[in-house]
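Notebook open, structure loaded. I want to go through the helices, the charged pairs and the overall build, one entry at a time.

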Amino acid sequence: MPEHAVRGVYADSRDVPLWDRLTELRCPVLTIRGGRRGALVTDEVAEQWQASLPTVELATIDGAGHDLWSRDPDAYLSVLLPFLDRIAPA
């Protein structure tokens, strides 16, 4: 994406904190995070997920960063598919 486009999106963006509204979710939630340094869902953010939505399932893919699926799609699917199987209607 061109730099001017990124700057434009950033300039027009606003922070909308939704942590307090997570309890309104009535569906199962899985948060998958990368285990590499620099991943967006840090330990602190994972703790915030658990504090805000105690029913959240958290999973970490050790070798991944933010792009969870591209380096090791099998690792990503090994986390995602069992979750989907558990929540699928019988």
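**Helix α3.** I started with α3, which has 15 residues. I looked up its reach from first C-alpha to last and got 21 Å, close to the 21 Å expected at 1.5 Å a residue. I keep in mind that this is a predicted model.

Which residues of α3 are buried? I noted A75, Y76, V79, L80 and F83. A reminder to myself on the spacing: an α-helix has 3.6 residues a turn, so residues three or four places apart point the same way. Then I checked what the buried residues of α3 pack against, and found β1 and β2.

**Chain layout.** I stepped back to the secondary structure and listed three helices and two strands. Along the sequence I read the pattern as α-β-α-β-α.

**Salt bridges.** Next I went for the charged pairs. Side chains of opposite charge can pair when their charged atoms come close. I got a count of four salt bridges, and I wrote up three of them here, including R86 with E57.

R86 and E57 have their closest N and O atoms 2.4 Å apart. R86 lies in helix α3 (residues 73-87) and E57 in strand β2 (residues 57-61), so this pair ties together parts that are 29 residues apart in sequence. I looked up exposure too: R86 is exposed at 52% relative accessible area, while E57 is partly exposed at 29%.

R33 and D43 came next, with 2.8 Å between the closest N and O atoms. This pair also links distant parts of the chain, with R33 in strand β1 (residues 30-34) and D43 in helix α2 (residues 43-52), 10 residues apart. Is R33 buried or exposed? I have R33 down as buried, because its relative accessible area is 15% and the cut-off for buried is under 20%. D43, on the other hand, is partly exposed at 46%.

R21 and E24 make a further salt bridge, and here I read 3.0 Å between the closest N and O atoms. R21 is partly exposed, with a relative accessible area of 49%. E24 is partly exposed as well, at 46%.

**S52.** I looked up S52 and placed it in helix α2. S52 counts as buried, since its relative accessibility is 14% and buried means under 20%. What does S52 touch, leaving out residues up to four places away in sequence? I found W19, L22 and T23.

**D15.** D15 sits in the loop between α1 (3-12) and β1. I noted D15 as exposed, because its relative accessible area of 72% is over the 50% cut-off. I also took the C-alpha separation from D15 to Q50, residues 35 apart along the chain, and got 21 Å.

**Whole chain.** Last, I looked at the overall build. The radius of gyration is 16 Å, whereas a compact globule of 90 residues would come out near 12 Å. Along the principal axes, the C-alpha atoms fill a box of roughly 50 × 35 × 25 Å.

How much of the chain counts as buried? I have 26% of the 90 residues. The chain exposes about 7100 Å², and carbon and sulfur atoms supply 55% of that area.

How values were computed: Residues numbered from 1 in each chain as written. Predicted model: local features only at pLDDT ≥ 70, side-chain atom pairs only at ≥ 80, totals over all residues. Heavy atoms only, no water. Salt bridge = Lys/Arg side-chain N within 4 Å of Asp/Glu carboxyl O. Buried < 20%, exposed > 50% of the residue type's maximum accessible area, 1.4 Å probe, protein only. Helix = DSSP H or I, 4+ residues; strand = E, 2+ residues; numbered from the N terminus. Expected span 1.5 Å × (residues − 1). Contact = heavy atoms within 4.5 Å. Rg over C-alpha atoms; globule rule 2.2 N^0.38 Å. Areas by Shrake-Rupley, 256 points an atom, 1.4 Å probe, with all protein chains shown as cover.
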